[in-house]
Amino acid sequence: MTIWAYVVRRIALAVLVLFGVATITFLMVRIVPSDPAAVYVGSNARPEQIAQARRDLGLDKPLYVQYGIYMKNLVKGDWGDSLRTKRPVLNDIMHFLPTSLELIITALVVATIVGVIFGVTTAHRKGTWIDLVMRVFSTGGVSIPAFWLALMLQIAFFRVLHLLPVAGQSDIFVAQAHPITAITGMPVVDALITGNWPAFTDSARHLVLPMLCLAAYPMGVIMRMTRSSMLEAMGNDYIRMARALGVPPRTLLYKDALKNAFGPVLTVIGLTFAYSLTGTFFVELIFAWPGLGYYATTSILSMDYPAIMGVTIMVAAAYVLVNLAVDLAQAFLDPRIALS
Amino acid sequence: MERWSSRPGRVAITAVLVVTVALLAVVLTAGCGSSNTSGTAPKADILRLAYTSTVTTWDPSASYSTEVVYMANLYEPLLYANPPGSTEPFSPALATSWEVAKDGLSWTFHLRQGVTFHDGTPFNADAVKYSIDRTKKLNLGAAYLWAPVKEVQVVDPYTVKMLLTYPVALDRIAAASSGSWMFSPATAVKSSKWWDAGHEDGTGPWTLQSYKPNQELVFVRNPKWWGTWSDNQYQKIVVEIVAEAGTQQQELEASQIDYAGLVARDQVDALAANPNIDVVKGQSWNSYLMFFNTQHKPLDNVKVRQALSYAVPYQDIITVAANGLGTQSKGPVPVGLWPNTQGTVTQYTTDLTKAKQLLSDAGYPNGGFTLNLTYAAENTLENSFAPVIKESFAKIGVKVNIQKLLWNQQWAKAKGPIAQRQDLFVLLWWPSLPDGYDNLNSMFRPETSPAWNLAYWYNTDFDKLLTEAYGLSAVPSGLEQSQQKYNEAQAMLVDQAPAAYLFDAQFVVAKLKTIALGTEAINPNYPQVLFWTKVTR
Amino acid sequence: MSAATAELLAIHDLRLQFRSMRGLVKALDGVELTVHDGEILGLVGESGCGKTITGLAVLGLLQRPQAEITSGAILYRGDDLLAKTDAQMQKLRGRDISMVFQDPLASLNPVFAVGNQIEDVVRLHKGVSRKEARETTYKALASVGLPPDKDTFKRYPHQFSGGMRQRVCMAMALACGSPLLIADEPTTALDVTIQAQILNLLLKLRAELDVAQILITHNVGVAAQTCDRIAVMYAGSVVEEGPVSEVLKRPHHPYTIALYQCLPHGRTAAELQTIPGTVPDLIDPPTGCRFHPRCSHVMEICPTAKPQPVKAAERHWVSCFWAAEGAGLSAGPFRPPTPPDAPGTDDGAPA
Ligand SMILES: Nc1ncnc2c1ncn2[C@@H]1O[C@H](COP(=O)(O)OP(=O)(O)OP(=O)(O)O)[C@@H](O)[C@H]1O
Ligand code: SF4
Ligand SMILES: [Mg+2]
């Protein structure tokens with residue numbers, strides 16, 4: 001199978017998966033007792049207004065009809081309007097997604113770099129104090145609750161050290177004096193490409209704590225997986241052979257063994273990406289980070305079902321695509337893996 | 001034999017070092033970065049506010065939610081309702097004077113001259129008619145407030161006359177915190193999409209400069225505002241959306257913001273102890289009550305409801321949940337808001353002996369029944385006092401099952417099939433206009449299908465009394481009589497106890513000492529609103 | 001028989017132990033071994049006798065601190081490898097001494113193209129440009145009988161047959177011109193027909209590139225067919241060493257005799273176990289001659305002292321009291337095995 005045929009088949013499969021996700025989510029958000037019409041008109045609304053909204057939104061139709069309409073619109077690219085913001089859900093998502101992505105991507109890059117380096121080191125130094133310290137570190141990353149970590153980070157870097165801002169995406173004064181021109185929607189990136197240095201350093205500083213908070217769990221998971229995967233790879237004959245031919249330890253570890261060990265690590269990176277898409281919800285709330293997570297949280301709290309559906313489909317789509325990317329990357333890394 | 005070289009360990013250390021150094025570099029350079037800010041407005045001219053309020057709509061006709069905190073600074077009503085304790089109940093805004101006909105059926109407003117909307121369109125009688133007509137026609141949000149208005153007549157460019165179908169206190173409606181805004185007729189051609197992209201067109205002192213949803217809103221002075229600006233007022237308002245009280249607090253303590261609109265009640269003392277910070281507390285029209293489901297046994301028995309009203313630990317609730325920032329309610333209308341009974345109606349106290357007596361009178365000598373209590377998961381206060389109620393009821397043998405639901409689910413359940421509804425419904429209520437009639441009308445009038453009368457308590461005597469009282473309140477001469485009728489009606493609510501009236505909550509915000517809040521900066525008639533013109537350096 | 005002259009590698013009295021959960025594994029017990037320039041030495045012995053670890057010890061590949069060399073010397077062109085630093089050893093491996101292993105599929109990194117794997121080793125040791133390294137790689141491929149083209153270069157290990165993989169391993173091991181190759185059972189994992197091809201390749205490499213080799217094998221037949229000399233190991237020591245024809249035709253050590261008698265030409269590994277008795281436990285090895293519990297010629301002295309190598313014939317050494325006595329060999333003082341033509345070592349002077 002050519003790679004394109006494979007990708008096309010996987011995407012077709014993904015569409016099916018998304019269809020299923022959309023259906024299940026629709027049923028779930030519509031079966032719980034909540035009144036979308038009441039959400040739409042807001043608190044303190046009169047019964048007549050709610051009834052009016054129910055008609056306007058087509059909520060008086062049978063559920064399967066509503067489902068049919070929703071799916072038909074979805075296929076046409078109309079994800080419906082948020083009950084709360086009244087804006088098209090897709091617009092809302094596209095508005096909030098880049099900010100979240102900036103957080104998630106930097107967190108995952110840091111988590112991967114640190115996780116892999118620590119994983120390789122602990123595998124190599126198995127049983128030494130370095131191994132012990134780093135494993136304690138990774139266990140911490142995996143098991144410390146995000147809210148507690150957030151608090152600790154804020155206390156350490158903000159309260160005690162006065163090094164980093166406690167929350168938000170920019171300092172008000174800096175943002176007012178050096179407004180960022182939105183290009184990608186990711187402030188750090190936008191500030192960088194427009195050469196807006198004061199805004200760049202400011203937004204980069206604001207990124208650090210939420211990023212670390214979000215990176216902790218993936219870092220721990222990636223490190224563990226790298227460690228066990230490396231231990232396995234290091235026991236292989238080709239490592240002994242490479243050593244017998246004078247390949248230096250660093251190359252052995254980071255090239256010969258790591259490329260072999262990276263397959264499972266890629267899988268967990270993919271999984272933690274999916275985790276981070278939802279993990280960011282909480283982090284964004286604590287750090288007042290105006291991203292998709294914040295939008296999703298408020299949507300869930302207000303039972304804003306088109307928004308909930310939109311976010312769910314978005315996350316599912318990202319999940320499916322990341323999985324595809326992981327599978328392709330694995331095939332790229334390991335020639336023995338056949339795409340099928 | 002080879003010992004594995006120590007290099008890979010060094011790789012790890014080097015990598016960590018590089019990351020750390022990079023982070024530090026960012027951190028330190030930014031230390032200087034923030035100090036060399038230059039640009040449009042000097043720092044001292046910017047007021048930095050942390051709010052939780054997101055914008056659900058920018059349409060002034062439809063607005064009826066958290067965005068009121070912005071609307072009230074962008075738009076103006078015809079009248080402002082003064083805070084309790086003022087000599088006059090209202091002060092002029094876009095109307096300079098007004099009068100009501102003896103029958104209460106026609107109101108005349110004389111408009112302020114020389115006022116323009118932000119787009120330059122002059123404000124006049126046509127604009128008033130346009131605003132009210134459009135709001136009524138869209139029938140969204142608080143549009144129902146204008147329901148009694150049959151017609152808005154343009155008498156002359158600066159006089160409007162409103163004809164009513166039945167007499168009401170229209171001044172209170174004209175001063176409401178939602179639905180009362182005057183906006184430019186030039187926006188008639190705009191769609192709701194245009195509004196919701198972040199546009200406004202009012203007459204208020206502030207204009208919206210930029211809007212990043214869920215993130216940041218920037219407002220600048222309206223140079224053509226009819227009021228007068230003084231030097232110590234701010235030039236620019238930057239609002240940061242910060243959902244967590246803890247985060248707002250930390251930002252305030254770091255002087256990253258000037259004002260925190262959300263303060264965790266258990267942090268009040270800690271904040272007050274900070275020498276740079278003032279905690280500002282005051283009256284609000286927020287009140288908590290708990291409906292008894294009068295259609296479920298045994299709550300259909302008034303004695304049981306009275307017993308439970310005696311078993312509510314009012315003071316404990318205030319101490320535990322509100323950290324003392326509240327007072328026991330005197331009926332469903334908060335103290336200070338018209339037409340509160342002003343002490344003329346006896347209220348329940350916490351008295352378990354009486355409660356037990358009443359229960360045994362009702363045929364439940366040792367309680368022995370179980371009640372389902374629902375409250376809104378989003379509300380942290382309700383979260384902390386629901387168990388206090390449960391504990392106290394347990395002492396008279398009444399078991400309470402607490403159900404924590406998202407507000408929408410709590411509400412949907414209350415409106416669902418009768419058998420599945422809750423027994424006890426905890427609600428935070430605030431009126432949509434400076435008139436406690438809204439509380440009585442919304443929560444205790446008979447409804448065809450339940451909306452807010454979540455006691456499902458339908459009493460025709462009460463209904464009649466309320467209608468009379470409301471009608472009488474339309475004209476100043478009827479106010480005294482109106483109050484009497486209202487007192488009678490509220491005495492019924494206490495006696496019949498369709499709900500337990502828990503407490504009137506105080507608002508609490510915190511600010512840096514470097515900013516000053518004028519007396520009218522916060523006004524309970526405009527819940528959550530900070531009037532930015534009243535904030536000075 | 002080649003005109004082997006200079007001593008390329010000499011191992012003297014190598015003692016090595018492993019720390020294990022059960023205790024100290026006394027794995028090598030005074031190994032004596034010599035390889036000359038351009039010579040193929042067969043190292044035979046039953047499983048677990050220490051053939052592989054001897055090879056690994058030469059390359060310094062045993063993992064510390066579990067493995068500990070307690071005494072001895074490994075001389076490469078007269079230099080003691082045991083005195084070298086890790087960095088020096090690393091440079092030496094692949095350039096001066098290389099090693100290939102039993103399972104060629106496992107020995108090649110599955111995720112890199114074989115050409116790149118060879119090229120990387122070349123670049124590592126020669127510090128040449130990518131272009132030169134590529135040329136060297138093609139030469140190496142050609143020298144092991146693989147087509148020196150892009151197709152071979154770009155292929156991954158799993159795309160080769162077993163024999164070709166072993167050729168790739170050898171190309172990698174010899175690409176930098178190592179004068180000494182330690183081949184640890186290079187044919188065991190292969191079909192019989194392929195085995196012969198690989199053995200021919202070893203001979204060809206010696207003929208064309210003058211590569212000296214230590215051929216570790218279970219298979220005495222393989223050794224007979226390929227090697228110049230043969231060293232028989234038992235439980236951590238070389239018990240007999242000499243020219244192939246000499247040792248196989250006239251074995252002196254009871255172990256070699258048992259091996260040879262129960263091993264018609266060409267029989268393999270499993271049959272080595274048919275010698276009565278069991279392989280000794282190296283944690284608590286038999287005292288004196290480690291073979292004595294299984295030896296049919298055991299004498300009183302055997303459990304009490306370790307027999308030293310004595311000369312059984314020209315260039316033929318054996319470590320056995322019985323052999324020394326019964327065959328009337330001189331049980332003189334210990335003499336290390338030495339190259340036949342090396343001057344001044346033929347007269348039995350103590351080491
Ligand atoms: N890391 C180690 N720890 C403990 N003992 C070891 C270790 N490595 C090898 N040994 C022991 O050393 C002895 C020699 O092992 P070696 O692998 O050299 O045997 P071999 O002669 O190559 O056998 P085979 O023909 O099976 O490959 C064995 O008894 C083995 O148990
Ligand atoms: S030394 Fe003794 S035990 Fe060892 S092989 Fe010779 S005879 Fe047998
Ligand atoms: Mg072996």
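Helices (H or I, at least four residues) and strands (E, at least two) are DSSP runs, numbered from the N terminus. In that scheme D13(C) is found in strand β1 of chain C. This is a predicted model, in which local features need pLDDT of at least 70 and side-chain atom pairs count only at pLDDT 80 or more, while totals for chains, interfaces and linings use all residues. Residues are numbered from 1 along each chain as its sequence is written, chains are lettered from A and ligands numbered from 1 in the order in which they are written, and side-chain values use heavy atoms, with hydrogens and water left out.

**Chain A: helices**

- Chain A contains 14 helices and zero strands.
- Along the principal axes, the C-alpha atoms of chain A fill a box of roughly 80 × 55 × 40 Å.
- Two packed helices are described by the angle between their axes and the distance between the axes.
- Axes are lines fitted to C-alpha atoms, for helices over the stretch in contact, and angles run from 0 to 180 degrees between N-to-C directions.
- In chain A, helix α5 (residues 89-124) packs against helix α12 (residues 249-286) at an angle of about 140°, and their axes are 8 Å apart.
- The crossing of α5(A) and α12(A) is right-handed; a crossing is right-handed if the near helix is turned clockwise from the far one by less than a right angle, and left-handed if anticlockwise.
- The contact of α5(A) with α12(A) comprises 16 nonpolar, seven polar and one charged residues. In this classification Ala, Val, Leu, Ile, Met, Phe, Trp, Tyr, Cys and Pro count as nonpolar, Asp, Glu, Lys and Arg as charged, and the others, Gly among them, as polar.

- Two strands pair if DSSP finds at least two bridges between them.
- Strand β12(B) pairs in the antiparallel sense with strand β17 (residues 499-512) of chain B over twelve bridges, and K281(B) has V508(B) as its bridge partner in β17(B).
- Six bridges also join β12(B) to strand β16 (residues 424-429) of chain B, again antiparallel; here F291(B) stands opposite F425(B).
- The peptide bond from K297(B) to P298(B) is cis, with omega near -5°. P298(B) is placed in the loop between β12 (277-292) and α8 (302-311) of chain B.
- The peptide bond from W338(B) to P339(B) is likewise cis, with omega near -5°. P339(B) is placed in the loop between β13 (326-328) and α10 (352-361) of chain B.

**Chain C: four-stranded sheet**

- An open sheet of four strands in chain C has the order β2-β1-β4-β5, with antiparallel pairing.
- Strands β2 (23-36) and β5 (79-80) of chain C stand at the edges with a single partner strand each, so one side of each is left without a neighbour in the sheet.
- Eight bridges link β1 (residues 7-20) and β4 (residues 67-76) of chain C in the antiparallel sense, and F18(C) has A67(C) as its bridge partner in β4(C).
- Helix α1 (residues 51-59) of chain C packs on this sheet, touching β1, β2 and β4 of chain C, and its direction makes about 110° with that of β1(C). Contact means heavy atoms within 4.5 Å.
- D13(C) has a positive phi of about 45° although it is not a glycine.

**Chain C: eight-stranded sheet**

- Eight strands of chain C form an open sheet of mixed pairing, in the order β6-β7-β8-β3-β9-β10-β12-β11.
- The edge strands of this sheet are β6 (97-100) and β11 (310-313) of chain C, each of which pairs on one side only.
- The twist averages 20° from one strand to the next.
- Three bridges join β11(C) to the antiparallel strand β12 (residues 316-318) of chain C, where V310(C) stands opposite V318(C).
- Helix α8 (residues 192-209) of chain C packs on the sheet, touching β3 (40-44), β7 (180-184) and β8 (212-217) of chain C; the direction of the helix makes about 160° with that of β8(C).

- A residue is near a molecule or strand if one of its heavy atoms lies within 4 Å of it.
- The residues around ligand 1 include F18(C), S47(C), G48(C), K51(C), T52(C), E185(C) and H218(C).
- A polar contact is a pair of N or O atoms within 3.5 Å.
- An oxygen atom of ligand 1 lies 2.8 Å from a backbone N or O atom of G48(C).
- A polar side-chain atom of K51(C) is 2.9 Å from an oxygen atom of ligand 1, and an N or O atom in the side chain of T52(C) is 2.6 Å from an oxygen atom of ligand 1.
- The residues around ligand 2 include H253(C), C289(C), H292(C), C295(C), C302(C), C320(C) and W322(C). The shell around ligand 2 divides into nine nonpolar, three polar and no charged residues.

Technical notes. Polar contact = N/O pair within 3.5 Å; in protein donor to acceptor, adjacent residues only side chain to side chain.
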